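Hello,

Here is the structure for you to look over. My notes follow below it.

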Amino acid sequence: MILKPNQRSQIMPLPVVLLSTISQDGVRNAAPWSCVTPVLRPLDEVLIASWLKRDTLENIRQTGEFVINVPRAGMEDAVMTCAKSFPPEVDELKEAGLVARPSVKVKPPGIEGCLAWAECTVEEEIAREKYVLIVGRVVHLEADDRFFSPENGMDFEKAMPLCIMGSNKGMQFVRPTATGEKGGYAHHP
Ligand SMILES: Cc1cc2nc3c(=O)[nH]c(=O)nc-3n(C[C@H](O)[C@H](O)[C@H](O)COP(=O)(O)O)c2cc1C
C-alpha cells in the first residue's frame, strides 16, 4: 500500500510526553508532545518540534527551560486535557488535576505520577517558516525508582510509557511490549 508522505507518523509509534513550562510570570503549563527525540545515543541533547502558536513555545522562549515528563498508561485523560487550548494565563496543571513536582535544576516543575523527568535548557532555536525546532540539553534526569534499575534500565512493562499511533480517524494510545529478544548492541562512536 502506498501512503501519502504526510502519513509518516502512522507508520511508527511516537512517544507521548508532557512538556511542562512556566511563563516569565510563573504561570504553569503542560502540553502533550510527540515530536520529541533524543539526538544521537551518547549525547545529552534532545530535539523538539513546535508549531508557532503554542504557549509552550512562548514559555520556552521566555525562560529557556522545559521539563520532559514521561506519562504512564492511565494518564490519558490528563494528557488530553492538557491538549486543549487554554489561554496563556490558565494554570494547566490545575486544570488537568496534575500535581507539580519540584525540579532540581530548572524553574518549571515536573509532574507527579510520570515515570521519568528530563530537565532541559535551550541550546538553540531553529526557526522555520511555520514551525520551530528546539535543541535542548538535559541538565538533570531522573526516573521513578519503582521502574528503573541501574542494571536493567527501565522495566517498561511495569512502567507502561505512553505512545501513540496516528490514523486517518485520529490517534490511538499504544504502549511498548517486549519481543523476548535482546539487542546486545552497545557500540557508539
Ligand atoms: C499526543 C499529542 C502529541 C502532540 N505533539 C505535538 C508536537 O509534537 N508539537 C506541537 O507543536 N504540538 C503537539 N501537540 C499539540 C499540543 O499539545 C496542543 O496544541 C496543546 O494545546 C498546546 O498547548 P500550549 O498552547 O499550552 O503549549 C500534540 C498533541 C497531542 C494530543
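Of the 189 residues of the protein, 29% count as buried. Keep in mind that this is a predicted model.

Overall shape next. The radius of gyration is 17 Å. A compact globule with 189 residues would have one near 16 Å, so the value agrees with that. Along the principal axes, the C-alpha atoms fill a box of roughly 50 × 45 × 35 Å. Take the contacts between residues at least 6 apart in sequence: 60% of them join residues at least 24 apart.

Now the secondary structure. The protein has 4 helices and 14 strands. An open sheet is formed by 7 strands, in the order S3-S2-S6-S9-S10-S5-S4. Their pairing is antiparallel. Which strands stand at the edges? They are S3 (28–33) and S4 (36–38). Each has a single partner strand, so one side of each is left without a neighbour in the sheet. From one strand to the next, the twist averages 30 degrees.

Strand S5 covers residues 45–51 and strand S10 covers residues 131–143. The two run antiparallel and are joined by 7 bridges. Within this pair, Leu 47 stands opposite Val 135 in S10.

Then there is helix H1, residues 55–63, which packs on the sheet. H1 touches S2 (17–22), S3, S5, S6 (65–70), S9 (116–127) and S10. The direction of H1 makes about 50 degrees with that of S2.

Best wishes

Technical notes: Residues numbered from 1 in each chain as written. Predicted model: local features only at pLDDT ≥ 70, side-chain atom pairs only at ≥ 80, totals over all residues. Pairing = 2+ DSSP bridges. Axes fitted to C-alpha atoms, helices over the stretch in contact; angles between N-to-C directions. Contact = placed C-beta atoms within 7 Å. Rg over C-alpha atoms; globule rule 2.2 N^0.38 Å. Buried ≥ 20, exposed ≤ 12 C-beta atoms within 10 Å, placed from the backbone.
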